[in-house]
Amino acid sequence: MMMNKHEFAAKYFRAQEMGDIDWIQQVCSDDVIVRESGRSETSGKAGVRDYVIALLQRTAKRKFMLHAVAEAGNVLFTSWECDVEFHNGLAMYTSGMTRFLFDNDGAIRELEVIGHELI
Amino acid sequence: MISDTHQQLLQCWFQGLEQGCIDDLSQLFIRYPWIRNGGDGPMQGSDAPQRLLRELFERTSSRHFTIIDAAYEDRQLFVRWDGKVTLAAGFRLGSVTLSKPAILNLRGIKRFQLDARGRIEQLEIVHDVVSIETDQTNVERAA
């Protein structure tokens with residue numbers, strides 16, 4: 001991964017907004033582990049794809065606002081807020097934290113998303 | 001990699017939680033901190049730490065935490081943790097009441113926003129229940 005981790009975080013959440021599955025898969029390692037609140041753990045590029053597809057199936061629009069970011073070594077933490085619009089037009093606000101653990105090649109090896117309940 | 005000061009703060013925090021030290025933990029905060037725990041609405045004020053901690057210590061009879069990793073940048077200290085807490089008998093889980101203690105395995109992230117002196121201005125907690133160690137014999141249906 002050539003960009004710094006702050007740039008990476010901005011691009012990652014932009015990709016989630018755009019539903020850019022290919023980009024998100026591309027920045028993950030082949031053996032990435034994905035953990036998200038309320039979903040079973042998945043792994044590999046297929047697991048990442050399932051995670052993003054599930055997000056797109058649940059929500060029509062997503063607008064993330066990064067609240068705080070910190071990195072140390074191969075780990076990057078983000079705290080975010082998100083305006084969500086569902087396919088039925090209902091809009092809600094949610095927030096949570098995402099942790100990225102990178103391998104030595106700069107690819108995501110662990111992706112953990114832990115959210116507050118929709119508020 | 002985080003500084004010794006921040007490592008010490010995290011050790012102090014989690015040890016305090018394990019030992020149930022409300023007074024020691026409360027002293028880590030500024031006078032009017034902001035706290036948000038899970039899906040609960042945010043709390044702010046001089047008694048917010050005590051309210052958070054008292055509720056946790058009333059619900060749980062033991063707590064054990066493991067720090068997985070942490071990062072600090074621009075006054076923001078994040079920590080990813082695993083936890084094992086024992087819910088006290090009598091605790092209500094949805095429509096059932098525990099007649100014996102049950103163990104919850106948790107994973108979570110905390111974000112501490114620190115002031116210039118290293119005191120906690122904001123504390124945000126998110127966590128998931130990974131598993132519950134219980135059986136049908138230690139729950140009673142609520143009346």
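The expected span of a helix is 1.5 Å times one less than its number of residues, and by that rule helix H1 of chain A (residues 5-18), with 14 residues, reaches 20 Å from its first C-alpha to its last, close to the 20 Å expected. The structure is a predicted model.

**Helix H1 of chain A**
- The buried residues of H1(A) include Lys5(A), Phe8(A), Ala9(A), Tyr12(A) and Gln16(A), and because they cover an arc of only 100 degrees around the axis, they lie on the same side of H1(A).
- Glu7(A), Arg14(A) and Met18(A), by contrast, are exposed on the other side of H1(A).
- The cover over the buried residues of H1(A) includes H3, strand S3 (59-72) and strand S4 (75-86) of chain A.
- After H1(A) comes Gly19(A), with a positive phi near 70 degrees.

**Helix H3 of chain A**
- The 15 residues of helix H3 (residues 44-58) of chain A should span 21 Å at 1.5 Å a residue, and this agrees with the 21 Å between its end C-alpha atoms.
- Gly47(A), Val48(A), Tyr51(A) and Val52(A) are the buried residues of H3(A), and their arc of only 130 degrees around the axis puts them on the same side of the helix.
- These buried residues of H3(A) pack against helix H2 (21-26), strand S1 (28-36) and strand S2 (42-43) of chain A, whereas the face turned away from the buried side carries the exposed residues Ala46(A), Ile53(A) and Gln57(A).

**Contact between the chains**
- In the contact between the two chains, 19 residues of chain B meet 18 residues of chain A.
- On the side of chain B that touches chain A, strands S3 (60-73), S4 (76-87), S7 (102-114) and S8 (120-133) of chain B each supply at least two residues, and S3(B) gives the most, with five residues.
- By residue class, that side of chain B divides into eight nonpolar, five polar and six charged residues.

**Positive phi in a loop of chain B**
- Most residues other than glycine have a negative phi.
- Asp74(B), found in the loop between S3 and S4 of chain B, has a positive phi near 50 degrees, and it counts as exposed because 9 other C-beta atoms lie within 10 Å, where the cut-off for exposed is 12 or fewer.
- Arg75(B) lies in the loop between S3 and S4 of chain B and has a positive phi near 70 degrees, but with 15 C-beta neighbours inside 10 Å Arg75(B) counts as partly exposed.

Definitions and conventions: Residues numbered from 1 in each chain as written. Chains lettered and ligands numbered in written order. Predicted model: local features only at pLDDT ≥ 70, side-chain atom pairs only at ≥ 80, totals over all residues. Contact = placed C-beta atoms within 7 Å. Helix = DSSP H or I, 4+ residues; strand = E, 2+ residues; numbered from the N terminus. Nonpolar A, V, L, I, M, F, W, Y, C, P; charged D, E, K, R; others polar. Buried ≥ 20, exposed ≤ 12 C-beta atoms within 10 Å, placed from the backbone. Arc of directions from axis to C-beta.
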